[in-house]
Structures are given as structure tokens and as C-alpha cells.
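Here is a quick tour for someone meeting this structure for the first time. Have a look at it, then read on.

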Amino acid sequence: MPIELRPLSYALGAEVRGLDLREPCRDADWQAVHAAFLAHGVLLFRGQRITREQHIAFSRRFGTLDRHESLPLDRDATHPELLMVTNDPKPDGSPSNSRYTGQMWHSDMSFTLAPALGSLLRGLHVPPVGGDTLFTNMVLAYDSLSATMKGLIEGLHGIHHSERKNSGLSAQWEAENRRLNPPVAQPLVRVHPETGRKALYIGEKVKCLEGMTPEESQPLIDFLVRHATRPHFVYRHQWQADDLLIWDNRCTAHLALGDYDPRHRRHLERTTVLGTASGHVADLEVVQ
Ligand code: SIN
């Protein structure tokens, strides 16, 4: 039976029905999934009781997987392709480092020189209420800018930092994180390599625009983030256990809302598909 698609919102996203990811994905189904991924930016598969190996195997259909060398504390010890997004305490009882992962608007791995093509996030334990994730369509966000603003931002680069909100990391690990992930300048406008469409590439990890002072940069960054995350560009995902959610980082941005009672368990696991080379290590010489 051919797969069925159900739109998730006006702006982006579709639910894919009729596929059991415990089975190898047939080529005809894969082609339909891939076309839907390019068309909708976010795909939802409900009720997928898959193993870690099946999660990794399906993710590999999208491309080479990141082994998360730049986030060594968050990856699984035996499956480096899996990044833990969890509030489960560590074995010594201390809080998880990844309990606040994603709580800023961002596109995955934008602070690296091969930012993610896509991400596949599986919900294993989700809170009874909240813990939602927002997604926004960065092609619509770009298309709806004025021609003058498009001209202004063409050629500008945003400097992406890897620091997270409330990381809870020790000073030593913060320093190691900065060593592993120096700030990277990425174009504010990127051309999607498969659809050819232009998309805004900005988020709350952008602290400055290259070659501009923080004072000059901030109003433009604030405007672009506010514009890109207007509610009518957004889909809000309410998690159910065994959801697999897949997004195209080249034309969407997302935010983990953190809108849940932290006494409830939230444990998700993510694979990250490597994208093409983009950006350069930032020139932090700021014009004063
Ligand atoms: C992420 O940014 O990969 C995590 C999103 C979430 O936890 O909802």
C-alpha cells in the first residue's frame, strides 16, 4: 500500500502513515519519503517501536551520520551516532547535561563547518503534558522579506556559537566545548542544495554578524529571528511516545520549548545527518 501524507500545519510538516520502520524501507517508499521530506521540511512517523539499530539504519537512508565528535558528552557510549536529549540524571545522580538541549531557536550543528542536513529524533519517554518542539519554515521566512531586506542580508554572515542556555557544564567542559567548537560564520541566506530554494539561516546561537560590531548586529539579528519565528510560519509538535520526527535543517529552525514539569521523564534520542560544507571559522576581528 502506498504511504499516506497528512499535513501538520499550514507552514510546514506532514505526518507519514503506512510505514513500519521495523522493516527495511523499500525503494519506492524511500523515494516517497524523501520527496515528502523535501516538500514539507518536517516529517512525523507515529507509533514506531524501533530499536536503536533500526533508528540508525533508517537514518542512513538520508546520508552519512554525524558521530557527534563535537558533542562528546551527549552521545551514547556504544552508538556515537545517537545523541541523547534527556533529563535522566547521570549514573552518579547529578543532572543530565542535555536536559536543556535545543532551548534556543537553532538549526542543528550550525556552529560546525558541516552543519546538519537532517535530524531524526525519537521520543522514547515523553512528559504527559508539554515538552513540545516548535519548527519554523525558513524558506517562507526568507520569501516574505522585502526585496530591500533581501539585498541587505545577501552576503552577510552570522557568527554561530555552540554554547547552550543553562548547560550545567563545569568550567573545564565549557572550555573544552569552546576548543572543540570555535565560532563559525555561516551565510545568513543559504541555497538549499536539493530544492534550489533560498532560506534564512539564523537563530539564537548567532551572537554577532561578521565584520560588524555587536551593537550594529543585534537589531538585525533580533528582527530576523523575530520575523522567522512568527506564529504563522510555525508548527508545534506535541510528542507522543514512539514518535519519530525528522527535519531538514537546511530550510527549518526549531526550538525545544521546555514547557513541562521537570519531575516527568523526557528522553529522546537523535541521529544527525551530515550536510555539505558551509561557512568558515569566524573572523572575530570586530570593526570598532
Ligand atoms: C534538538 O534540538 O535536537 C532537541 C529538540 C527537542 O528536545 O525538542
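Let's start with a sheet in this predicted model. Four strands line up as S11-S7-S8-S16 in an open sheet, and the pairing is antiparallel. S11, at residues 206-209, and S16 are the edge strands, so to speak: each of them pairs on one side only.

S7 and S11 are joined by 3 bridges and run antiparallel, with His 160 standing opposite Val 206 in S11. On to S7 (residues 157-160) and S8 (residues 184-187): these two pair in the antiparallel sense over 4 bridges, and here His 157 faces Pro 187 in S8. Finally, 2 bridges connect S8 to S16 (residues 280-281), again antiparallel. In that pair, Ala 185 sits opposite His 280 in S16.

Ser 278 lies in the loop between strand S15 (267-274) and S16. Is Ser 278 buried or exposed? Its relative accessible area is 9%, so Ser 278 counts as buried. Its side chain makes a polar contact of 2.6 Å with the side chain of Gln 186. If you skip the neighbours within four places in sequence, Ser 278 is in contact with Thr 112, Leu 113, Pro 115, Gln 186, Pro 187 and Arg 190.

Next, the greasy part. The largest nonpolar core has 28 residues, and those with the most contacts inside it are Met 138, Ile 153, Leu 188, Leu 200, Ile 202, Leu 209 and Leu 224. Which elements give two or more residues to this core? They are helix H3 (138-143), helix H4 (147-153), strand S10 (198-200), S11, helix H6 (214-228) and strand S14 (252-256). H6 gives the most, with 5 residues. Apart from this core lies another one, of 24 residues, including Val 33, Ala 36, Phe 37 and Phe 62.

Leu 188 is worth a click. Not counting residues up to four places away in sequence, Leu 188 touches Ile 153, Leu 156, His 157, Gly 158, Ala 199, Leu 200, Tyr 201, Ile 202, Leu 209 and Leu 224.

Then there's the ligand. Around it you'll find Val 85, Gly 102, His 106, Asp 108, Leu 121, Thr 133, Trp 247, His 254, Ala 256, Arg 266 and Arg 270.

| Residue | Distance to a ligand oxygen atom |
|---|---|
| Thr 133 | 2.6 Å |
| His 254 | 3.0 Å |
| Arg 270 | 2.8 Å |

Last stop, the cysteines. How many disulfides does the structure hold? The count is 0. A disulfide is a covalent bond between the sulfur atoms of two cysteines.

Notes
Residues are numbered from 1 along each chain as its sequence is written. This is a predicted model: local features need pLDDT of at least 70, side-chain atom pairs count only at pLDDT 80 or more; totals for chains, interfaces and linings use all residues. Side-chain values use heavy atoms; hydrogens and water are left out. Two strands pair if DSSP finds at least two bridges between them. A disulfide is a pair of cysteine sulfur atoms within 2.5 Å. A nonpolar core is a set of buried Ala, Val, Leu, Ile, Met, Phe, Trp, Tyr and Cys residues joined through side-chain atoms within 4.5 Å. Buried means under 20% relative accessible area, exposed over 50%, partly exposed in between (1.4 Å probe, protein chains only). Contact means heavy atoms within 4.5 Å. A polar contact is a pair of N or O atoms within 3.5 Å; within protein, one must be able to donate a hydrogen and the other to accept it, and residues adjacent in sequence count only if both atoms are side-chain atoms. A residue is near a molecule or strand if one of its heavy atoms lies within 4 Å of it.
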